[in-house]
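Visitor: Could you take me through one part of this model in detail, and then show how that part fits into its surroundings?

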Amino acid sequence: MKKIIGLFFLISIQILSASAEELTSGLFFNSHLHDGDKRTSLVLDNGKPIEIQDKQQISFEMNIRDEIIFGFATRIITNNNENIDLIFSIDTLQRKLPAIVIKNKRFFISDTIIRNRWIPVSITFLTKQNKIELSYNSIKRVYDYDFSQIKNTRIYFGACDHPDYNTPDAAPINIKNIRIYNGKELFRHWELSQHGKGVCYDLVNHSPAKAINPHWLTDDHAVWKNIYSYQFKRNPQYAFDPEKELFYITTGGQEMFIYNPLTNHQDTIRGIIGYPAAASTNQMIFNTKTNRLESYNLDDQTISIFSFTDKAWTQTSKTEKETGFWHHTSGIAPDSTIITFGGYGSFLYKNSLFKINPQTGEFTEKTIPEIYPRYSPASAIIDNTLYIFGGKGCPSGHQELSPRDFSDLYAIDLNTFETKKLWEMSNFDKKFLPGSNMIYNKDESCFYIITGNMGGVLLRISINEPGIIPVSEIQHFDSGADFSFSQLYYAPHSQHLYCLYAKNYKNGQPSQIQIYSLSYPPMVYSQILQQDKEKQDLSFLWYLIPAIVLLTGTGIFIRKSGKNLKKDNKLSTGRPETESSIFTVPDKSYFNRDRACICLLGSFNVKSKTGENMTSSFTPILKSLLLLILLNTEKDNRGITSKKLDDLLWGDKSEKSARNNRNVSISRLRLLLEKVGNIQIVNDNNFWKIILGDDVFCDYHTALDYIDKATKTTEHDEEFFNKVLELLLYGPLLPNTENDYLDSFKSHYSDITIDLLHLLLHKEEFQNNDKFRLKIADSIFQHDSFNEEALRIKCSIFCRNDKMGIAKSIYDNFCKEYQTLLGEKYGLSFNDVTKEE
């Protein structure tokens, strides 16, 4: 298969170039969902100073993702060490909003956040007028600024490693089309589409923009990602709903697995009644016309329909008979009938076409003599025409009579069954078997096919002329299964291709399904690569060879590209990363938030028994329902009444409608919580409450318990108080979740936390324990960012440990935030702060 890539590589570059304009381009900035040393940074002109001119404009397009909105979009550092930043910050109402920071003074730009849409942003330096002009989407702002001492700037996006403005706080954004204009003249243009390894060159002067931990969105069109791998005790059948974007997998028993590739979440339907029509893989399909799962048996000519409502198949008897139509191809016709062609069984290849009516159960079989008998062809139905490509077989249909691989394309009219050969590559000797279906690209009049062997390659074929062009390779390991199946699917809403591999075994070894994803349209990886200017004089051949190698190794390339940032420390945001350097012994961790947990401190996060992050599975209603019941259970063991739930969540609905919505939502919530662990939602005398099993960790529940014990009794050992501080350092209660009903819970938790922390500060046994007192101060800062006692403790401890620079940095940051948020200077000097401890 590697030879196919080499043979057709030049052709593929030319043919696929038209698709590049439709690609999702830009740089995805790893943000708070990633560790500090994994976040993304981009520095223009490789960090060199860019000379400033009058009417110099820095413009770009920005897409704000659906994550916690906080951090830096761009940071501009002048030659006299002043900062001009575009950030996402928190106002006095705890709203996350875009703001510009000029010399550490913050100005909010808008009171709304526009998510998941590209918006234009520009910053213009009007040096002769001593003004900075900001354009943010349709908003225009002008700010005073003294340019008399400004000669040049350094420009960063995301995380910043400038020595004086170092921060890992990259905002959750995507950026593309960075341009710098000097007046009307285009000075730089980084598209952030094509790129090299950790670098993107601008289109004007080939100047590099250096990226650390980059995620280039164009790579998603060329590099397949393995998103799912699961083993089954019995051979599975599978189908895909392209509208809801769900995979359905069953082994013929009483379970149905439903996998959502967008959320990476798998549900299970248990207690299923009845059976599919066939036990063999490759005989179940999701009928997009009837919107249901349909299983068919070509040997017995029976059909079984699955009802999600009743959790039942219509067929009541189990079929164990081995099929005579292994590796046939199937699709759905416009009239909702199932069309199949080909297959193999009992040493015979087939050229039978079946038309199955799932409404009546009628099977119509017709031999297509124009097409040689074969198995593993690929097919697609466009309008009322069935296209058949490739496969393996022979004219007689007998396996023992010289079977061969075909590279031909046929069109069959499904009304008249008239068959026409469109083309054949008679001298094509590359051995591969296509997956059982094809994806149609109307604009380019072509099909995409996945190979079912040799590790997997995405191919492109034209309808009108012969040609087989490799597009991208899947790093898929073919383990030599007794039966291997491959399927290619297209999801129109999310614009993704999905490739499913199923591996079955005869000896009782577990079967396996693997699913890979690729953004659509697909792209040859060499089209994405940019060369260093110094290497452009090399011959085209020497450029092509490494591009081919990169095509086969892009998974490794992406994982290893970029270099690490310094480790982000776990103390408060904005404080120097070297604060922890006076303590060399790492802290012991007492609580596990990696699995079977509901976390409310620092952020809302739910993980299953197996460690799967389930947070995205909680819709706004389910999240609010969980929080209301859980928080009220902690406040009052009785919980919360049905009426209060209805008023808060469904106040705009009638009493009956609210009750129905509540019952449905609680049922869904129970199903989700089953995956977390032993959690019961109990209704006791019209009060709803949650009972957590011993196998489930809830940080809020545990923190309240420890705070209560620490407050009521002071006789505890050091380990107990270390546990208390670990819990409190997780952060405030649900700081990124905003709702009126949460305010009283948040306030109460902060109050009891700060009261306890002040109590611990004055305990005699901790007076000389600097590490413990630093933890207390950091925890106080999480609830009260202007707490003067916490400031005095931190500064004094670092001064005492000969870390004067760190202490001064903590003090300076405190003063800057104080000035920015409160609009006045902090009243105590550094000496005043440090001498009072």
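**A helix and the core around it**

Guide: The buried residues of helix α4 are Leu622, Lys623, Ser624, Leu625, Leu626, Leu627, Leu628, Ile629, Leu630, Leu631, Asn632 and Thr633. Here buried means a relative accessible area under 20%, exposed means over 50%, and partly exposed lies in between, with a 1.4 Å probe and protein chains only. Helices are DSSP runs of H or I with at least four residues, numbered from the N terminus.

The model is predicted, so local features need pLDDT of at least 70 and side-chain atom pairs count only at pLDDT 80 or more, while totals for chains, interfaces and linings use all residues. Residues are numbered from 1 along each chain as its sequence is written, and side-chain values use heavy atoms, without hydrogens and water.

Since 12 of its 16 residues are buried, α4 is largely enclosed by the rest of the structure. Its length agrees with expectation: at 1.5 Å a residue, residues 620-635 should span 22 Å, and the end C-alpha atoms are 22 Å apart. The expected span is 1.5 Å times one less than the number of residues.

The surroundings come next. A nonpolar core is a set of buried Ala, Val, Leu, Ile, Met, Phe, Trp, Tyr and Cys residues joined through side-chain atoms within 4.5 Å. The largest such core holds 83 residues, and Leu600, Phe618 and Tyr700 have the most contacts inside it. Helix α4 supplies the largest share of this core, 8 residues. Apart from it lies another core, of 43 residues, including Ile100, Tyr145, Phe147 and Ile180. In soluble globular proteins, nonpolar side chains tend to be buried together.

Leaving aside neighbours within four places in sequence, Phe618 is in contact (heavy atoms within 4.5 Å) with Phe604, Val606, Lys623, Leu626, Leu669, Leu672 and Leu673.

The cysteines complete the account. A disulfide is a covalent bond between the sulfur atoms of two cysteines; the criterion applied is a pair of cysteine sulfur atoms within 2.5 Å. Across the whole structure, 0 disulfides are found. For Cys597, the closest cysteine sulfur is that of Cys599, at 3.8 Å, which is too far for a bond.

Notes: Helix = DSSP H or I, 4+ residues; strand = E, 2+ residues; numbered from the N terminus.
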